[in-house]
Amino acid sequence: MAVRPYIVGNWKMHGTRSMLSEARAIDRAAERLIKVEVALAPPFTLIHATRKEAGLIGVGAQDCHAAEGGAHTGDISAAMLKDAGAGFVIVGHSERRADHGETDADVKAKAESALAVGLSVIVCVGETEEQRDAGKAESVVARQLKGSLPTADGAAEKVTVAYEPVWAIGTGRTPTTDDVSAMHRAIRKVLKDFYGEEAGAKVRILYGGSVKAENAAELLGADDVGGALVGGASLTAESFLGIIAVAAEMQEG
Ligand SMILES: O=C[C@H](O)COP(=O)(O)O
């Protein structure tokens, strides 16, 4: 279990201002849970309000455009996210890789643009069920990582990796603890090769994909799991705090 697990809620395309009450409730409870680092990634429209109303937890974005600015209708730059109060941005989520055809190079460019304005990044990787069944999971994730990780000076200190098997996202299905351990070990090797032994050893690796309070202990208990990237179970304070409480209890040994 990580020294201080990082539990991040990705609200995806959910959330109007009425959901700020959930963010406030999470923020108030997070104050008690000093053993766990907590963050939320609400929709763009709620970043500024969430930052203002939830002062203790981290607040971030779910994506950013790679350009500094320009004629990109509907897109949002990393600088705009920082201006709105974001401290990090998720890049390369499988839903964006699939729905928007984002390549590893696109993800790397987004990550570099985020680091350039002082944001941290959560770089998402994960295999499909077809790739897993073909025995290609580790090679796919390694390729995604090598193509998506930023290389700017000091990048490793601002990078978190989220391993999210695509077939576990939103399905209620999860890998076995042993499978999570094996993949996280493989990811750690890639990180050390990519950033060097020392820097690569410090990058946090989160697990994401149907994390709930009921399965959090087994998933967070796998080897080299630094926390979780949580979708559906982060949408209410009750369910999200249930996961956070499990992570905190695991810190108490
Ligand atoms: O970003 C979060 C992941 O996609 C996991 O989503 P989920 O917890 O709803 O399976």
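**Close-up 1. His 93 and its contacts.** His 93 touches Asn 10, Lys 12, Cys 124, Glu 164 and Ile 169, leaving out residues up to four places away in sequence; contact here means heavy atoms within 4.5 Å. Please keep in mind that this is a predicted model, where local features need pLDDT of at least 70, side-chain atom pairs count only at pLDDT 80 or more, and totals for chains, interfaces and linings use all residues. Residues are numbered from 1 along each chain as its sequence is written, and side-chain values use heavy atoms, with hydrogens and water left out. You will find His 93 in the loop between strand S4 (88-91) and helix H4 (94-100); helices (H or I, at least four residues) and strands (E, at least two) are DSSP runs, numbered from the N terminus. With 4% relative accessibility, His 93 counts as buried (under 20% relative accessible area is buried, over 50% exposed, and in between partly exposed, using a 1.4 Å probe and protein chains only). A polar atom of the His 93 side chain lies 3.0 Å from the backbone nitrogen of Glu 95.

Close-up 2. An unreviewed UniProt entry gives the annotation "active site" to His 93 and Glu 164; UniProt positions follow the numbering used here, feature names are shortened, and annotations may be inferred rather than shown by experiment. On a 1 Å grid over the protein atoms alone, a pocket is an open set of points with protein on both sides within 12 Å along at least five of seven lines, and lining residues have an atom within 4 Å of a point. Glu 164 sits in the loop between S6 and H8 and, at 5% relative accessibility, is buried. The side chains of Glu 164 and His 93 make a polar contact at 3.1 Å (a pair of N or O atoms within 3.5 Å; within protein, one must be able to donate a hydrogen and the other to accept it, and residues adjacent in sequence count only if both atoms are side-chain atoms).

Close-up 3. The unreviewed UniProt entry places the feature "binding site" at Asn 10, Trp 11, Lys 12, Gly 170, Ser 210, Gly 231 and Gly 232. Although they span 223 residues in sequence, no two of their C-alpha atoms are more than 13.8 Å apart, so they gather at one spot. Asn 10 and Lys 12 from this set belong to the lining of the largest pocket.

**Close-up 4. Gly 170 and Ser 210.** Gly 170 lies in the loop between strand S6 (159-163) and helix H8 (177-195), and its 77% relative accessibility makes it exposed. Ser 210 belongs to the loop between strand S7 (204-208) and helix H10 (216-220) and is buried, at 8% relative accessible area. Leaving aside neighbours within four places in sequence, the contacts of Ser 210 include Gly 170, Thr 171 and Asn 215. A polar atom of the Ser 210 side chain is 2.7 Å from the backbone oxygen of Ala 168.

**Close-up 5. Charges over rings.** The charged end of Arg 132 sits over the ring of Trp 167, 4.3 Å from its centre. Arg 204 lies over the face of Tyr 6, 4.0 Å from the ring centre. For such a case, NZ of Lys or CZ of Arg must be within 6 Å of the ring centre and within 35 degrees of the ring normal.

Conventions. On a 1 Å grid over the protein atoms alone, a cavity is a set of points where a 1.4 Å probe fits but cannot get out, and a pocket is an open set with protein on both sides within 12 Å along at least five of seven lines; lining residues have an atom within 4 Å of a point.
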